[in-house]
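Here's a quick tour of one protein chain for someone who likes to see the cut-offs spelled out. Have a look at the model first.

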Amino acid sequence: MKIPLYISTLITITFLTLVNIASAEQNSSDGYLFSSDNYPVMDNYNNCWKTSSWTPDMAIVECDPGLVKAVAVEPPKAPMKPAVIVLSLESDTLFEFGKSTISAKGRQQLDNQVIDKMNEYPQIKMVTITGHTDLIGSEAYNQKLSQQRADAVNDYLVGQGIANSRTQTAGRGESDPVVSCTGITGKINSKNAKLIECLKPNRRVVIEITNRTTVQQ
């Protein structure tokens, strides 16, 4: 008996499909059948062949995009603000030479560099203000001047709304120099202009702002 052509063709297609499935079984992965070149095996309706172990959780975009769960992407975390901010201000800007009364220019500097910075940190734990001098004058004089300058800055900050209970001051005198200026000749006194200019970095007020916790910017 002669088999009609369309039946023969159908048998051939079915046979080849079964062969492909059998071959793909050896390359099955995560619920789907894959060809030797790692492509999902499709049936005659362009659907992916699934293994008997397939579950919706195994869905892949190529075969069942509607079942693939969208992966939530976490937004990048903002960098953390430092727990301690250190600001070093030149005393020559804050005060006249040898004085402890804050100048108008000094008050402006405190507003722009310190008050504005402190407003960024609502969880301030402590503000430490340390005065430093150069070596011109006696050690006792410099110690007293450095403390007076630290206290003057403290009083100004408290007057701007910083709680006095969250501030502390210290005077370090000439004990913590930044530069030594050993190459400058002449007497060590207030008339030696070159020495005064060289020692300028030593005359400073250092303000440390300590936060209760690190906060995100």
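What follows covers the overall layout, then the cores, then a strand pairing.

This is a predicted model, with local features needing pLDDT of at least 70 and side-chain atom pairs counting only at pLDDT 80 or more, while totals for chains, interfaces and linings use all residues. Residues are numbered from 1 along each chain as its sequence is written, and side-chain values use heavy atoms, leaving out hydrogens and water.

The chain has 5 helices and 4 strands, taken as DSSP runs (helices H or I, at least four residues; strands E, at least two) numbered from the N terminus. Their order from the N terminus is α-β-α-α-β-α-β-α-β. Of the 217 residues, 31% are buried, meaning under 20% relative accessible area with a 1.4 Å probe, protein chains only.

A nonpolar core here is a set of buried Ala, Val, Leu, Ile, Met, Phe, Trp, Tyr and Cys residues joined through side-chain atoms within 4.5 Å. The largest one holds 23 residues, and Leu-110 is among those touching the most other members.

As for the strands, β2 pairs with β3 (residues 167-171) in the parallel sense over 5 bridges; pairing takes at least two DSSP bridges. Gly-131 sits opposite Gly-171 in β3.

Definitions and conventions. Buried < 20%, exposed > 50% of the residue type's maximum accessible area, 1.4 Å probe, protein only.
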